[in-house]
Amino acid sequence: MPTPAQPSTILSPRDLEFLLFEWLDVERLSDRPRFADHDRGSYEALLALCEQLATDRFAPHYRRSDTEEPAFDGEKVHLIPEIAAALEAFAKADLLTLTLDEDMGGHQVPHVVAAACMAWFTAANIGTAAYSFLTMANAALLLEHGTPDQVDRYARPMLEGRFFGTMTLSEPHAGSSLGDVTTRAVPADDGTYRIFGSKMWISGGDHEMGDNIVHLVLAKLPDAPPGSRGISLFIVPKHLVAEDGSIGERNDVALAGINHKLGSRGTVNTAPVFGGGAFTPGGAPGAVGYLVGEPHRGLTYMFHMMNAARLGVGMSATTTAYTAYLKSLAYAKERPQGRRLTAADPTAPQVPIIEHADVRRMLLAQKSYVEGALALNLYCSRLLDLQASAQDDDERTETGRLLDLLTPIAKSWPSQWGQESNSLAIQVLGGSGYTRDYDVEAHWRDQRLNPIHEGTHGIQALDLLGRKVLGSGGASLLALAARIEQTVAQATALGGEPAAHAAALKAMVDRLGEVTMALAGLGDPERTMANATVYLEAAGHVVVAWMWLEQLVAVGEQEGDFYDGKRAAARYFFRWELPKVGPMLDLLASGDTTTLDMHASWF
């Protein structure tokens, strides 16, 4: 464990402590029956365990997993051995079941605490952590929609760490446009299905870890209606599993190859082929698959996995930026270069670069991005807890509406501004940051995936403006504004700088509402949605400003370097970042059609 003299460069335990216990007051969740067995002591012990495990088993092989990426020899995928060892330690620590019900072997830990725990692993080594996270998401979907036999045969072994899981959605011709998938599911006489088709971009799609890999595959039945309404979901294991749980013959799942990625290289990314004839289970062609739930509802079930995955991507984006920030901060404190502008003696010792105002600007920008994003991630996780343990339908509905609105922001804002934060981390190191001698360039490469997967930046923008805001008749945005108004009132009561920030935020929230109404009144869906990404970015900055105002309220009048650092980061965000929203809203209010008017032939 890092000592006080050697603070962690993975995450800040002090920031997590502040966010969980001083701001979100997670101890109060124990008043709800679902979380009654937990208290601050158990939460702190769990966080300490995750910090130690991430530090000792995940972080040490981060660089090796990047430089020695997965290899495919035509038959098997080869990974560095440290990946399997780390994942085994993760499973043995019983971390795969933190939030699950007790009757499934879970611990009913609040999502907000579990999210803070998992943040240690994504910060330490996202390439390795992804295998476990995909497996947990796969198992959670089967717990929700699978039959008892499917749960026993596939979900339980995944939660025990014996099987791994994947999300097998995209195809070479159909990435985000899942309604265009062509993978076929042909009914067999024994009630199973034979799956035929090629998939693409499947993380963790093949390796030799564990006893099995459980693919959740989107495919279409012969009588499927066109588009997304005709997609069904199937379990397709790498190896068939007998009724007693024993591993049977190899299923007809093979790789056409693996993809060589910019970052997150430790997670193998594959192009699997189902029913290509590499194997003939039961002496017949096709990969054996098992229908999950009802026919043609596959995409509905998969969204159970995808919504959680989007929040997970947001947290991964945050922690990838956070660890790079801490590493650039440590470098800036140790690297001597230049002298103060007022230094008269050219032979005087050089000062650490953190003494230069422009370096402090870059560090402060990173701090404002990563600590604001982490607050948003944890706030959304706490909404999950409030929704799951709601005392009545009104609370459940209100919480769900707010969470739905915040999800695309919580996914996309850290992905976009985390990339900027990672770029600044490289800049702090200067030429050293551009070399492979330091981790920050690898974190920058890792980060570039996050605005792409689990719904691109543009798709999240369409979801926010089209479905969540306008689709709810503005009810979701009003719910958000009401929550922000409560924070504004608390900050105003503090007076001074918090009150000034509160006034600035309220003005921007009011303007966002006015512009939203103007967009709704355009009467042309294409024109309304043409600049949805600008709307997402403006709303994202407003929400993160709210997160900073919330933190200031929690800081109150407390003294010390930590609290002064929070005040400085909030000051930066309100003075340097929130003003960027004004021009965005001006553009939206104008109903600008530049992108619509541009013809493809003009490029």
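Helices (H or I, at least four residues) and strands (E, at least two) are DSSP runs, numbered from the N terminus. The legends below concern a predicted model, in which local features need pLDDT of at least 70, side-chain atom pairs count only at pLDDT 80 or more, and totals for chains, interfaces and linings use all residues. Residues are numbered from 1 along each chain as its sequence is written, and side-chain values use heavy atoms, with hydrogens and water left out.

View 1. The C-alpha atoms fill a box of roughly 85 × 60 × 60 Å, taken along the principal axes. The radius of gyration, taken over C-alpha atoms, is compared with a globule rule of 2.2 Å times the number of residues to the power 0.38; for 603 residues a compact globule would have a value near 25 Å, and the protein, at 25 Å, agrees with this. Of the 603 residues, 54% count as buried, where buried means under 20% relative accessible area, exposed means over 50%, and partly exposed lies in between (1.4 Å probe, protein chains only). Among contacts (heavy atoms within 4.5 Å) between residues at least 6 apart in sequence, 74% join residues at least 24 apart.

**View 2. Helix H9, residues 393-429, and its kink.** The 37 residues of H9 reach 52 Å from the first C-alpha to the last, close to the 54 Å expected at 1.5 Å a residue, the expected span being 1.5 Å times one less than the number of residues. A kink of about 35° lies at Leu406, shortly before the proline Pro408; the bend at a residue is the angle between axes fitted to the seven residues ending there and the seven starting there. At the N-terminal end, Asp392 caps the helix, with a side-chain oxygen 3.1 Å from the backbone nitrogen of Asp394, while just after H9 Gly430 takes a positive phi of about 65°. H9 is mostly covered, 26 of its 37 residues being buried.

**View 3. Helix H12, residues 475-494, among other helices.** H12 has 20 residues and reaches 30 Å from its first C-alpha to its last, close to the 28 Å expected at 1.5 Å a residue. Its buried residues, including Leu477, Leu480, Ile484 and Val488, pack against H8 (357-388), H9, H11 (457-470), H13 (496-520) and H15 (532-555). Just after H12, Gly495 takes a positive phi of about 75°.

**View 4. Asn138 and Ser132 in helix H5.** Asn138, found in H5 (residues 111-145), is buried, with a relative accessible area of 0%. Not counting residues up to four places away in sequence, Asn138 touches Met158, Gly165, Thr166, Val214, Leu216 and Met305; the C-alpha atoms of Asn138 and Leu216 are separated by 7.2 Å, although the two residues are 78 apart along the chain. Ser132 also counts as buried, at 5% relative accessibility, and is in contact with Leu87, Phe90 and Leu96, leaving aside its neighbours within four places in sequence.

**View 5. Asp190 in the loop between strand S4 (184-187) and strand S5 (193-198).** Asp190 is exposed, with a relative accessible area of 59%. A polar contact of 2.6 Å joins the side chains of Asp190 and Thr192; such a contact is a pair of N or O atoms within 3.5 Å, where, within protein, one must be able to donate a hydrogen and the other to accept it, and residues adjacent in sequence count only if both atoms are side-chain atoms.
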